[in-house]
Amino acid sequence: MLVSEDTQRTLGDVVDFAYVIAGSEATGGAGLQADLKTFQELGVYGVGTITCIVSFDPQHGWTHRFVPIEPTVIADQIEAATATHDLDVVKVGMLGTPDTIDVVADALAARSWRHVVLDPVLICKGQEPGAALDTDTALREKVLPLATVVTPNLFETKTLAGVDEITTVDQLADAARRIADLGPRYVIAKGGVDLPGDDAVDVLFDGDEVTVLRAPKVGTERVSGAGCTLAAAITAELAKGVVVADAVAFAKDFTTAAIAGRVAAHTPFDTVWQGAYVDQLDP
Ligand code: PXL
């Protein structure tokens with residue numbers, strides 16, 4: 001059935017747009033798939049650019065098989081997406097190689113953004129350790145300064161802040177302050193299941209004050225897609241015009257529900273379910 005002119009939406013009208021530049025994760029649990037599901041769940045129109053393809057290998061312990069997308073193809077996708085829609089809030093997920101980082105950093109720098117939310121995915125198993133180090137350095141030097149919001153997990157927080165150990169909330173907050181010195185205005189350092197204690201603690205440093213967000217830990221195992229979903233939910237809320245502190249607080253609730261409502265799979269880990277938040281509101 002054709003949509004009548006009365007109900008047809010026009011560009012930029014009513015719907016807010018959120019953009020993501022990230023890797024595909026073939027099981028559907030993490031990466032671009034998790035990002036776009038989160039955008040849809042939160043009522044924003046999602047647009048995605050693929051940087052690489054990760055296909056877990058069920059025959060070899062679910063290790064990551066990693067294939068980068070040609071830099072020119074990434075540039076083409078960004079051109080198509082940004083020419084089609086007025087995108088001003090973008091999430092950046094897994095990039096994977098220094099060449100990918102170059103092309104994405106150039107594209108980000110070529111236009112102005114209201115927000116660039118960076119989920120600094122540093123290591124993907126299955127990559128050469130040498131290549132991973134180059135990738136970490138390029139991410140830190142070229143993309144981090146363009147980010148307005150960055151969401152490192154505990155490992156990424158230690159790496160980016162250059163500290164060996166974080167076992168307390170105070171240390172997590174200090175590390176967040178150090179990462180803010182590298183460029184981003186807002187740092188959300190995530191303690192997750194790895195920070196000792198009964199709560200999953202995240203700290204938000206806004207360049208001035210530290211806010212501590214807590215939720216009781218849901219189990220002790222990592223759930224795939226949680227980090228992607230948190231950053232995507234922040235991005236969706238920012239796209240709607242919500243201020244950063246409120247976007248982060250909502251994203252934490254949304255992700256905690258997605259972890260609690262997780263989906264079991266044949267992988268040795270479960271994956272988040274973005275539909276759990278509304279299910280919980282209206283069971
Ligand atoms: O959850 C981190 C992550 C992000 N992006 C892609 C991934 C993963 C983890 O597997 O594959 C594409």
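Me: What makes the residues around the ligand its surroundings, and which are they?
Reply: Happy to list them: the ligand is surrounded by Gly-23, Ser-24, Glu-25, Ala-30, Gly-31, Val-54, Phe-56, His-64, Met-94 and Cys-228. A residue counts as near if one of its heavy atoms lies within 4 Å of the molecule. Taken alone, the ligand exposes 320 Å², and the protein buries 82% of that, with areas from the Shrake-Rupley method and a 1.4 Å probe. This is a predicted model, where local features need pLDDT of at least 70, side-chain atom pairs count only at pLDDT 80 or more, and totals for chains, interfaces and linings use all residues. Residues are numbered from 1 along each chain as its sequence is written, and side-chain values use heavy atoms, leaving out hydrogens and water.

Me: Which strand supplies the largest share of the shell around the ligand?
Reply: That is E1, with 3 residues. Strands E1 (17-25) and E2 (45-57) each supply at least two residues of the shell; strands here are DSSP runs of E, at least two residues, and helices are runs of H or I, at least four, numbered from the N terminus.

Me: Why is Trp-62 called partly exposed?
Reply: Its relative accessible area is 22%. Buried means under 20% and exposed over 50%, with partly exposed in between (1.4 Å probe, protein chains only), so Trp-62 is partly exposed. Trp-62 sits in the loop between E2 and strand E3 (63-68).

Me: Why is Asp-253 called partly exposed?
Reply: Because the relative accessible area of Asp-253 is 45%, Asp-253 is partly exposed too. Asp-253 lies in helix H8 (residues 244-260).
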